[in-house]
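Q: I would like a close look at a single part of this structure, followed by how its surroundings are built. Please keep to what can be read from the coordinates.

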Amino acid sequence: MGISHAKSIALQRRAQQLLPLGVNSNFRYWGEGITPYVQKAKGGYLWDADGNRYIDYRLAFGPIILGHADPDVNARVHAEIDQGSLFAMTSELEVAVAEKIVAMCPAMEMVRFATSGTEATMHALRIARAYTGREKIIKFEGNYHGFQDYLLFSTYAPSEVYGSRSSPVPIPSSSGLPACLHALVVTLPFNDFEALERTLRRVGHETAAIITEPVQDNCGAIEPLPGFLEFIRQKCDEYGILFILDEVKTGFRIARGGAQEVYNLKPDLATYAKSLANGYPLAAVAGKRDIMNVVGRGVAQGGTFNNNKPGVAAAFVTLEKLQSEPILETIARRGRRLMEGLHGIFEAAGLQASFRGHPAMFSYAFGVEQVTCQREWDASDRDYYLRLVDAAIERGVMPDHDPREPWYLCYAHSESDIDETLNVMADGVRVVRR
Ligand SMILES: Cc1ncc(COP(=O)(O)O)c(C=O)c1O
């Protein structure tokens with residue numbers, strides 16, 4: 001189609017003089033000459049530095065649940081910040097947001113705020129260690145829980161390096177992680193009942209928490225097998241371990257009560273960020289009353305920006321709208337239509353594609369039928385996925401460039417956006433051969 005990227009390319013060169021890779025988060029670097037630089041976003045659309053418009057299915061890695069620059073959210077944020085943006089003291093509005101979170105999320109009784117998902121999971125780990133008096137944490141391969149050191153293991157590595165299923169090796173996802181942390185993290189393949197059972201026989205009594213994303217939304221939206229999350233709950237009870245559900249992506253997106261509602265789960269702690277505030281910075285660690293009550297009673301938790309006014313005001317309006325309007329139902333309906341449409345396009349082109357996830361946040365992989373963990377997902381045809389994404393982006397439809405990232409929908413995506421997307425993808429499979 002030959003759309004121009006001249007300004008983005010020039011901006012990348014300028015940014016690279018100052019910002020490592022020319023970005024402020026490693027995930028935002030797609031490569032030389034293809035990394036997008038952004039001008040603005042509104043509703044379901046995003047415009048790059050060259051003024052090219054895209055239907056945005058990245059939605060900032062998920063936070064945008066209503067739509068970019070939602071007028072109601074922004075009006076409240078403007079009104080609130082006119083009266084001060086940060087007090088580092090407590091205001092009524094944040095109490096009201098905590099009340100909403102507890103009302104919406106079935107198993108949650110108390111909340112503390114943070115500014116990012118990374119901090120929320122970091123706080124959850126400390127609370128779990130303090131409550132149980134134990135240090136080990138079990139996490140699953142392919143799950144991502146933020147950039148804090150404690151859980152930055154076995155996130156994105158090729159699965160050949162993970163060792164055998166019966167004896168997985170935690171693989172650090174970065175240089176710079178203290179070696180002593182290796183001893184505190186146990187990694188396991190997702191959905192492997194037997195591996196979990198066997199591991200708990202070995203380390204169950206030293207384990208403070210099992211943390212998991214309910215759906216592996218940082219790895220192709222791999223869903224839990226029936227009973228797997230319940231099995232984690234049951235085993236946690238048996239061994240006195242806390243169950244931390246990382247709802248940073250699923251919370252306030254796949255249902256009003258997140259994965260707890262969808263899977264009828266009662267985790268001990270849960271973490272939230274992303275859709276909580278429609279793109280403004282607010283996160284939360286929440287949990288059962290007796291567990292959360294250790295905070296402030298010997299357990300440290302804090303942060304200057306924890307109750308930042310823009311985040312709190314945005315969360316209040318976002319949750320209010322999610323509670324009172326059929327937003328998530330509408331997103332799910334449109335997402336289902338998009339999933340079915342894509343499925344039909346791939347099938348008609350003779351492409352084997354398996355779909356996973358929730359219509360508000362779904363993914364597909366080529367060339368693999370059943371995917372229950374990252375080890376199986378790794379066998380999918382990621383090269384074809386990526387070439388098709390590149391063709392879609394050239395035609396004005398933008399999912400993320402990383403095949404692990406799901407497609408996200410928001411309320412502002414219209415039926416005609418779905419139609420346009422399906423046309424673009426149909427055109428894409430015609431020109432991009434597997
Ligand atoms: C499940 C999950 N937990 C935690 C995080 C970290 O959140 P943040 O990027 O706000 O630090 C992410 C980010 O993508 C995530 O997907």
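By class, how many nonpolar, polar and charged residues does the shell around the ligand have?

A: The model is a predicted one. By class, the shell around the ligand has 7 polar, 4 nonpolar and 3 charged residues. In total, 14 residues surround the ligand, and the closest are Ser116, Gly117, Thr118, Gly146 and Val248. Helix α4, residues 117-132, supplies the largest share of this shell, with 3 residues.

Another helix, α13, covers residues 415-431. Its 17 residues should span 24 Å at 1.5 Å a residue, and the end C-alpha atoms lie 25 Å apart, which agrees. Asp417, Thr421, Met425 and Gly428 of α13 are buried. These four cover an arc of only 70° around the axis, so they sit on the same side of α13. An α-helix has 3.6 residues a turn, so residues three or four places apart point the same way. On the other side of α13, Glu415, Ser416 and Arg430 are exposed.

Tyr45 has Ile55 in β3 as its bridge partner.

Key: Residues are numbered from 1 along each chain as its sequence is written. This is a predicted model: local features need pLDDT of at least 70, side-chain atom pairs count only at pLDDT 80 or more; totals for chains, interfaces and linings use all residues. Helices (H or I, at least four residues) and strands (E, at least two) are DSSP runs, numbered from the N terminus. The expected span of a helix is 1.5 Å times one less than its number of residues. A residue is buried if 20 or more other C-beta atoms lie within 10 Å of its own, exposed if 12 or fewer, and partly exposed in between; C-beta atoms are placed from the backbone. The arc is that of the directions from the helix axis to the C-beta atoms. Two strands pair if DSSP finds at least two bridges between them. A residue is near a molecule or strand if its C-beta atom, placed from the backbone, lies within 6 Å of it. Ala, Val, Leu, Ile, Met, Phe, Trp, Tyr, Cys and Pro count as nonpolar, Asp, Glu, Lys and Arg as charged, and the others, Gly among them, as polar.
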